[in-house]
Amino acid sequence: MSTATKTTQLDGSMSRRSMLAASAGAATAILAAPLLSQDKKNPMVHTVLGPVAPDKLGATLMHEHAPIVDWSELYETKPAPVAPVREKMLAKTASLLDAFHDTLAPNEGPGAIVETTPIRVGRYPMLFVDLAKRTKVHIIASSGFWCEALAPQHPWAIRLGINEGGIEQMAGLFIREVTEGMEDPSGEWGEKFTNVRAGIIKIGTSTFLRPSERACHIAAAIASKTTGCPITTHTTDGGGLEEAELLLKHGAPTSKVIIGHQGNQDDRENDEADEYHKLIARLGCYVQFDRVDHAKYGIDKQARQIAKLVEGGFVKQVLLSHDHAPYYFPNYTAKEKRPEDWKALEPDYTTVTTKLVASLGMLGVSKSEIRTMLVDNPKRVLAF
Ligand SMILES: [Zn+2]
């Protein structure tokens, strides 16, 4: 009996078993023939409303969450109900995103966000579609699995990381999500898919690299190598250099790797990690300052670190964002969930384009360098 058969028997689920067979088949077929070669001359950014020419994005916030994050499935409880509060969430989030759009000059618009909520932690593809129809900014969604930094790894990702052939199946899942459409979380794992494509793969690491996180990195590297899709990471007080090296070792294109959450304690020892950021940049990867409004990071400190990279000649490898979320569900371990328990936050998606830009200007970063980081770098890395 193969490992895969044993595992599916433990699941006791027909749909999951057929998912594993289907995603294994998809992975084999896709890996055999490099994808999208006909499109490579004319790469597009894959938003939730369809492909968009890179020039049409404008200023792009590279790591946000909108409208929701819900970790319930990580604790093996059912997701919090969205339907009763869906309208309210969409209206509020659209107006918050439009406030970001309103900060942009005409030649920086309409603006875009990368929505970095990965598989089954509040990622509802049709919710993104409806949000994108209501806001002036483009939305790019994420494939990939969240890490173990602040909650358990998703049991689906753990299973794929352990099963024989599971990493290839995980890569097949990511490839399917970025080339055909994201999984629909209303079914069993991998049972149903939408035709809404993801435009990036999100993965991450804890303070120390866990086995399941390693599996996700290898799968993401295979998917990126196959499709040209970018990869964006969560780091936890360091580990970005190790992430980059692991992804590159497994074939991810250097120019498609974005190391996130920089600007805190990036090398685990030094508060000001300028040399560390340069080590990542010298590999050819992007260094992303995506928690600009978070208390632990600080706007002035982030500006100082960004200015150091710009001075060092790495302006073409810097990306910016806030890592905000308007709603999350705090009682993720509860068996029963009430719609009124959704927690509303008041995120401001305008800090990067107002306060951070002002701080950078005071440090001598030019307008054209700021445009490079906000407009040109996102359109280059997101297009495939
Ligand atoms: Zn995030």
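Which residues does Ala 219 touch, leaving aside those up to four places away in sequence? In this predicted model, the partners of Ala 219 are Ile 167, Met 170, Ala 171 and Phe 174. The mean pLDDT of the protein is 90, and 89% of its residues reach 70 or more. Residues 1-34 call for some care, as pLDDT stays under 50 there, although the model has 47 contacts beyond four places in sequence for this stretch. Where pLDDT is low, the predicted coordinates should not be read in detail.

Phe 174, one of the partners of Ala 219, lies in helix α6, which spans residues 166-179. Phe 174 counts as buried because it has 33 C-beta neighbours inside 10 Å, where 20 or more are required. Beyond four places in sequence, Phe 174 touches Ser 143, Gly 144, Ile 201, Ala 219, Ala 220 and Ala 223. Between Phe 174 and Ile 200, which are 26 residues apart in sequence, the C-alpha to C-alpha distance is 9.3 Å.

The largest nonpolar core is made up of 103 residues, and Phe 174, Ala 219, Ala 220 and Ala 223 have the most contacts inside it. The element that gives the most to this core is helix α7 (residues 211-227), with eight residues.

Helix α7 also meets helix α5 (residues 155-162): their axes come within 9 Å and cross at roughly 80°. The two helices, α5 and α7, are therefore roughly perpendicular to each other. On the α5 side, the contact involves Ala 157, Ile 158, Leu 160 and Gly 161, which meet Pro 211, Ser 212, Ala 215 and Cys 216 of α7. By class, six residues of this contact are nonpolar, two are polar and none is charged.

Terms used. Residues numbered from 1 in each chain as written. Predicted model: local features only at pLDDT ≥ 70, side-chain atom pairs only at ≥ 80, totals over all residues. pLDDT = per-residue confidence, 0-100. Contact = placed C-beta atoms within 7 Å. Helix = DSSP H or I, 4+ residues; strand = E, 2+ residues; numbered from the N terminus. Buried ≥ 20, exposed ≤ 12 C-beta atoms within 10 Å, placed from the backbone. Core = buried A, V, L, I, M, F, W, Y, C linked by C-beta atoms within 7 Å. Axes fitted to C-alpha atoms, helices over the stretch in contact; angles between N-to-C directions. Parallel < 35°, antiparallel > 145°, perpendicular 65-115°, else oblique. Nonpolar A, V, L, I, M, F, W, Y, C, P; charged D, E, K, R; others polar.
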